[in-house]
Amino acid sequence: MIRPRTKSPAHRLLTKGILAKLPALGATSENRDPIVQVKWFTPDANWTWWVIEYDPESRIAYGLVRGLELEFGTFTLDEVEDLRGALGLPVERDLHFDPQPVSQVTDQP
């Protein structure tokens, strides 16, 4: 069941401004400490995605994910938008997150 999206800015996972800053998939592969441009999280399921790269055509992102494990990988915007936590809440964008090297987010709880 697809639930309707809310009008909250936190539920707009990617804005034009963020899209303009996100490197293409594979663009940071040689960078040992790439910049995370955006942080998404589930307010009721304890999952977090830090997006490093994105392909708007395929809607595939690459970044660091903290869920059952902490790991780098790809995920689609579509699957993240459809996810709901235990209380049925959608994934949100951290409106107060500032882009930073991935090494800094790995130290966060």
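In what order do the five strands of the open sheet run, and with what pairing? In this predicted model, the order is E5-E4-E3-E2-E6, and the pairing is antiparallel. The edges of the sheet belong to E5 and E6. Each of these two has just a single partner strand, so one side of each goes without a neighbour in the sheet. At the E5 end, E4 and E5 pair in the antiparallel sense, and seven bridges hold the count for that pairing.

The structure holds three aromatic pairs. Among them is the pair of Trp40 and Phe75, which is edge-to-face, with 6.1 Å from centre to centre and 70° between the planes. The angle counts as edge-to-face because the planes are over 60 degrees apart. Trp40 sits in strand E2 and Phe75 in strand E5 (residues 70-76), so this pair links distant parts of the chain, 35 residues apart. Both partners are tucked away from the surface: Trp40 is buried, and Phe75 is buried too.

What about the charged side chains? The count of salt bridges comes to three. One of them is between Asp94 and Lys39, whose side chains meet at 3.5 Å, N to O. Lys39 belongs to strand E2 (residues 38-41), while Asp94 lies in the loop between strand E6 (92-93) and strand E7 (100-101), so the pair ties together parts that are 55 residues apart in sequence. Despite its charge, Lys39 has a relative accessible area of 16% and is therefore buried, the cut-off being under 20%.

Arg59 takes part in a salt bridge with Asp78, where the closest N and O atoms are 2.8 Å apart. Asp78 is part of helix H2 (residues 77-82), and Arg59 is in the loop between strand E3 (48-55) and strand E4 (60-66), so this contact ties together parts that are 19 residues apart in sequence. Arg59 also forms a salt bridge with Glu81, and here the closest N and O atoms are 3.0 Å apart. Glu81 is in helix H2 as well, with Arg59 in the loop between E3 and E4, and the two are 22 residues apart. Through shared partners, the salt bridges join Arg59, Asp78 and Glu81 into one network.

How exposed are the members of this network? Asp78 has a relative accessible area of 37%, so it counts as partly exposed. Arg59, at 27% relative accessibility, is partly exposed, and Glu81 is partly exposed with a relative accessible area of 22%.

Finally, there is Arg32, found in the loop between helix H1 (16-21) and strand E1 (35-36). Its relative accessibility is 85%, so Arg32 counts as exposed. In sequence, Arg32 and Ser103 are 71 residues apart, yet in space their C-alpha atoms are 9.1 Å apart.

Key: Residues are numbered from 1 along each chain as its sequence is written. This is a predicted model: local features need pLDDT of at least 70, side-chain atom pairs count only at pLDDT 80 or more; totals for chains, interfaces and linings use all residues. Side-chain values use heavy atoms; hydrogens and water are left out. Helices (H or I, at least four residues) and strands (E, at least two) are DSSP runs, numbered from the N terminus. Buried means under 20% relative accessible area, exposed over 50%, partly exposed in between (1.4 Å probe, protein chains only). A salt bridge is a side-chain nitrogen of Lys or Arg within 4 Å of a carboxyl oxygen of Asp or Glu. Rings of Phe, Tyr and Trp (its six-membered ring) pair if their centres lie within 6.5 Å; planes under 30 degrees apart count as stacked, over 60 as edge-to-face and the rest as tilted. Two strands pair if DSSP finds at least two bridges between them.
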